[in-house]
Amino acid sequence: MGDIMAAEETPFVSDLSTGEYLLTRAAGFEPRGLVFGCSVFHAGTRPRRPTVNSEVEYLSQALYTARQDAIHRMEDEADALGATGVLGVRLTLSTADWTSKSVEFIAVGTAVSATNNADWKTKQGIPFTSDLSGREFWTLIQAGYRPLGFVMGTCVYHVGRRTSARALRQLGRNTELGAQTQALYSARELAMARMQEEAAPMGAVGVIGSKITESSHVWRRHLIEFLAIGTAIAPIADEHPDPNVRVALSMDR
């Protein structure tokens, strides 16, 4: 009995739901396995000018690099499984227990390959990555597009404190904090622009499923990271038919 089991192919592991698995198969792909990568990062020091609004560039670059390390390690696992892509990529962050300033970045997704053995890897010869679900992936393929890669942009921004004189003038008044508002706008724009800059060399026509999040991580107040993520896409062929869209109304209340 043991010899029979050993000869059988090892079942794949996936975080796809039942519907996502079936739609991934319908799109012409099959799961190869659950893949992940991680990177533990020490979250540096705070700026020395507490009233100044400015990007903390060395922290922006460090957090970007830490996430990229986690993604690259996930891609390496997918490549080792013979996969040509990774669906449902999730980036999570948790504070590490061993120091108060450490955070762990984890990238998780389901490695897939085409059932017709077509090569869907990137120009660099690595599996494509995407945060699209199985349903979204099927819809994209049916519309004549393909995912090129998971793209992101990050910006760590120091939102300065009000000076004592300004705080005193605004005491008891309903008024917008103009400097702080502009700081948040600037940080979001930088994160989004960097995400677009990452997609451009891939030959992408756009980025879908974009999300922008903000967090102070272990820094607490005044130091915020803005993270923009999404999936870069391009047409599968130079000419592709427009999708046949049908309206469906849900009967659920």
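Colleague: Leaving aside its neighbours within four places in sequence, which residues is Glu198 in contact with?

Modeller: Beyond those sequence neighbours, Glu198 is in contact with Tyr64, Gln68, Phe150, Val151 and Met152, where contact means heavy atoms within 4.5 Å. Bear in mind that this is a predicted model, in which local features need pLDDT of at least 70 and side-chain atom pairs count only at pLDDT 80 or more, while totals for chains, interfaces and linings use all residues. Residues are numbered from 1 along each chain as its sequence is written, and side-chain values use heavy atoms, with hydrogens and water left out.

Colleague: Where does Glu198 lie?

Modeller: Glu198 lies in helix H6, residues 178–199; helices (H or I, at least four residues) and strands (E, at least two) are DSSP runs, numbered from the N terminus.

Colleague: Is Glu198 buried or exposed, and how far away is the nearest side chain of opposite charge?

Modeller: Glu198 is buried yet has no salt bridge, and the nearest side chain of opposite charge, that of Arg194, is 10.0 Å away. Buried here is under 20% relative accessible area, exposed is over 50% and partly exposed is in between, with a 1.4 Å probe and protein chains only. For charge, Lys and Arg count as positive and Asp and Glu as negative, whereas His and the chain ends are not counted. A salt bridge is a side-chain nitrogen of Lys or Arg within 4 Å of a carboxyl oxygen of Asp or Glu.

Colleague: OK, and how many salt bridges does a search of the whole structure find?

Modeller: The search finds six salt bridges. One of them joins Glu30 to Arg25, with the closest N and O atoms 3.2 Å apart; Glu30 is partly exposed at 28% relative accessible area, and Arg25 also counts as partly exposed, at 39%.

Colleague: What about Lys211, which side chain does it meet in a salt bridge?

Modeller: The side chain of Lys211 meets that of Asp131, at 3.4 Å from N to O. Lys211 lies in strand S7 and Asp131 in the loop between S5 and H4, so the pair ties together parts that are 80 residues apart in sequence. Lys211 counts as partly exposed at 44% relative accessibility, whereas Asp131 counts as buried at 13%.

Colleague: And which side chain meets Arg188?

Modeller: Arg188 forms a salt bridge with Glu214, at 3.0 Å from N to O. Because Arg188 lies in helix H6 and Glu214 in strand S7, this pair ties together parts that are 26 residues apart in sequence. Arg188 is partly exposed at 31% relative accessible area, and Glu214 is partly exposed at 43%.

Colleague: In what order do the four strands of the open sheet come?

Modeller: The order is S1-S4-S3-S5, with mixed pairing. Strand S1 (29–42) and strand S5 (128–129) stand at the edges with a single partner strand each, so one side of each is left without a neighbour in the sheet. Strand S3 (residues 85–95) and strand S4 (residues 102–114) pair in the antiparallel sense over nine bridges, and Arg90 stands opposite Val108 in S4.

Colleague: Which helix packs on the sheet?

Modeller: Helix H2, residues 18–26, packs on the sheet and touches S1, S3 and S4, its direction making about 115° with that of S1. Axes are lines fitted to C-alpha atoms, for helices over the stretch in contact, and angles run from 0 to 180 degrees between N-to-C directions.

Colleague: Last one, which residues of H4 are buried?

Modeller: In helix H4 (residues 134–142) the buried residues are Gly134, Phe137, Leu140 and Ile141. They cover an arc of only 125° around the axis, which puts them on the same side of H4; the arc is that of the directions from the helix axis to the C-beta atoms. Leu140 has a relative accessible area of 9%, and, not counting residues up to four places away in sequence, Leu140 touches Leu132, Tyr145, Arg146, Pro147, Ile208 and Ile233.

Notes:
Pairing = 2+ DSSP bridges.
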